[in-house]
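Morning, everyone. Please have a look at the model on the screen, and then I will walk you through it.

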Amino acid sequence: MPTRDEQFKKLRTRLEEDLRTSRASIGELDEESEELAQDGDQEGGVPANHMADLGSNVYERERLMTIEQEMRDRVTGITEALQRMDEGTYGKCTRCGKSIPIARLEIMPFTEYCVECQEIIDQENPQAGQKAEQQLQP
């Protein structure tokens, strides 16, 4: 059975890879949003003025901005997890100090809370708990 340090090395690799792909995704979302903004200003050399087209573009830009913010939150979570690794505090609940089980870290490598503390946080603020529980794709 691998040691906790060996498991943390694997988790670091996953976090670093997810950080790279998340940042790339943010760049792609930025480009797509800019293209929509330009399309909204002008379609085929003619100013766009059809209400349905404008509404579709506005909806799509808002959707992209929401996804982009979620990706930025993810990047922040990953960056903070990597910082905790560097400081030697990774894998310890930032609320109570108990060790977070490896099984939980494998599912959510950038979680900062043990299950018990996460449940308390979710009860106190359901919106915060949803963001904290976003999983990395293996």
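**A walk through the chain**

Let's start inside. Tyr 90 is buried, at a relative accessible area of 5%. Buried means under 20% relative accessible area, exposed means over 50%, and partly exposed is in between, using a 1.4 Å probe and protein chains only.

A word on the source. This is a predicted model, where local features need pLDDT of at least 70, side-chain atom pairs count only at pLDDT 80 or more, and totals for chains, interfaces and linings use all residues. Residues are numbered from 1 along each chain as its sequence is written, and side-chain values use heavy atoms, with hydrogens and water left out.

Back to Tyr 90. Where is Tyr 90 found? Tyr 90 sits in the loop between α2 (51-87) and α3 (102-107). Helices here are DSSP runs of H or I with at least four residues, strands are runs of E with at least two, and both are numbered from the N terminus.

What does Tyr 90 touch? Leaving out residues up to four places away in sequence, its partners include Phe 8, Leu 11, Leu 15, Arg 84 and Leu 105. Contact means heavy atoms within 4.5 Å. Take Leu 105: it is 15 residues from Tyr 90 in sequence, and the two C-alpha atoms are 9.7 Å apart.

Next, Thr 111. Thr 111 lies in the loop between α3 and α4 (115-124). Thr 111 is buried too, with a relative accessible area of 3%. Beyond its neighbours within four places, Thr 111 is in contact with Arg 84, Ile 100, Arg 104, Leu 105 and Gln 118. Arg 84 and Leu 105 also touch Tyr 90.

Now step back. The chain has five helices and two strands. From the N terminus, the order is α-β-β-α-α-α-α. Of the 138 residues, 32% are buried. Take contacts between residues at least 6 apart in sequence: 65% of them join residues at least 24 apart.

On to charges. Side chains of opposite charge can pair when their charged atoms come close. How many salt bridges are there? The count is seven. A salt bridge is a side-chain nitrogen of Lys or Arg within 4 Å of a carboxyl oxygen of Asp or Glu.

Here are some of them. Arg 12 and Glu 16 form a salt bridge at 3.4 Å, N to O. Both lie in helix α1, four residues apart, about one turn of the helix. Arg 12 is partly exposed at 23%, and Glu 16 is partly exposed at 31%. Arg 12, Glu 16 and Asp 86 are linked in a network of salt bridges.

Arg 20 pairs with Glu 17 in a salt bridge, with the closest N and O atoms 2.9 Å apart. Why are they about one helical turn apart? Because Arg 20 and Glu 17 are three residues apart in helix α1.

Then Arg 72 meets Asp 30 in a salt bridge, at 3.7 Å, N to O. Arg 72 is in helix α2 and Asp 30 in helix α1, so this pair ties together parts that are 42 residues apart in sequence. Arg 72 is partly exposed at 36%, as is Asp 30 at 28%.

Last stop, Glu 34. Glu 34 is in helix α1 (residues 4-41). Buried or exposed, at 52% relative accessibility? Glu 34 counts as exposed.
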